[in-house]
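Work through the exercises below with the model open. Each task is followed by a solution in steps.

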Amino acid sequence: MSSNDIAAARPRFYKLAVLNDFKTKKEGRPIYDEEELVEMVIPGDRNYRQSFLAHEPFNGNGDTRADKYKDEYEAFKRGETRAASGTPLEVWPLLTTARVAELKALNILSVDELAAIPDSKLKSVGPD
């Protein structure tokens, strides 16, 4: 995976209940902690989908993914769902509804994301 692919990655923040083994053993019943995670997808690559702890340092500078994707994280905290920025595929008259569905299956949500796909991923997008 190239650095261009990583730069084009789109975050989606979400919450997940995670079993806390220590507290579960101590209390004698299942105890869960709520964790904030971020799922990263790369437009044009249907196989790349990874989740990370949102507040875990990841680059040696102490930065977290919540820091790196501050706007998306703040929208998540407000309960908003942020779409990909740019022109939605649905409003581009050159695309059929079937083609829109195909592109969305490849994690491409906007015309801008389609235009920014690296050459290495174009084959997965298909012709036209």
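The exercises go from the whole chain to single residues.

**Conventions**

This is a predicted model, in which local features need pLDDT of at least 70, side-chain atom pairs count only at pLDDT 80 or more, and totals for chains, interfaces and linings use all residues. Residues are numbered from 1 along each chain as its sequence is written, and side-chain values use heavy atoms, with hydrogens and water left out.

**Exercise 1. State the mean pLDDT of the protein and find the elements with the lowest and highest values.**

Step 1. pLDDT is the predictor's confidence in each residue, from 0 to 100. Its mean over the protein is 84, and 90% of the residues reach 70 or more.

Step 2. Among the elements, helix α1 (residues 3-7) has the lowest mean, 53, and helix α2 (residues 21-27) has the highest, 94. Helices (H or I, at least four residues) and strands (E, at least two) are DSSP runs, numbered from the N terminus.

Step 3. Where pLDDT is low, predicted coordinates should not be read in detail.

**Exercise 2. Describe the overall make-up of the protein.**

Step 1. There are seven helices and three strands, and along the sequence they follow the pattern α-β-α-β-β-α-α-α-α-α.

Step 2. Of the 128 residues, 36% are buried (under 20% relative accessible area; exposed is over 50%, partly exposed in between; 1.4 Å probe, protein chains only).

Step 3. A contact means heavy atoms within 4.5 Å. Among contacts between residues at least 6 apart in sequence, 47% join residues at least 24 apart.

**Exercise 3. Which residues of helix α4 are buried, and what covers them?**

Step 1. In α4 (residues 70-77), the buried residues are Y73, A75 and F76.

Step 2. These residues lie on the same side of α4, because they cover an arc of only 160° around the axis. The arc is that of the directions from the helix axis to the C-beta atoms.

Step 3. Their cover includes β1 (10-19), β2 (32-42) and α3 (65-68).

Step 4. After α4 comes G79, with a positive phi near 85°.

**Exercise 4. Trace the aromatic cluster that involves Y73.**

Step 1. Rings of Phe, Tyr and Trp (its six-membered ring) pair if their centres lie within 6.5 Å; planes under 30 degrees apart count as stacked, over 60 as edge-to-face and the rest as tilted. The whole structure holds three aromatic pairs.

Step 2. F13 and Y73 make an edge-to-face pair, 5.2 Å centre to centre with 70° between the planes. F13 lies in strand β1 and Y73 in helix α4, so this pair ties together parts 60 residues apart in sequence.

Step 3. Both F13 and Y73 are buried. The ring centres of Y73 and F76 are 6.0 Å apart and their planes are at 40°, so that pair is tilted.

Step 4. Y73 and F76 are separated by about one helical turn, because they are three residues apart in α4. F76 has a relative accessible area of 18% and is buried.

Step 5. F13, Y73 and F76 together form one aromatic cluster.

**Exercise 5. Identify the rings that R65 lies over.**

Step 1. A charge sits over a ring if NZ of Lys or CZ of Arg is within 6 Å of the ring centre and within 35 degrees of the ring normal.

Step 2. The charged end of R65 sits over the ring of F52, 3.7 Å from its centre. R65 also lies over the face of F58, at 4.4 Å from the ring centre.
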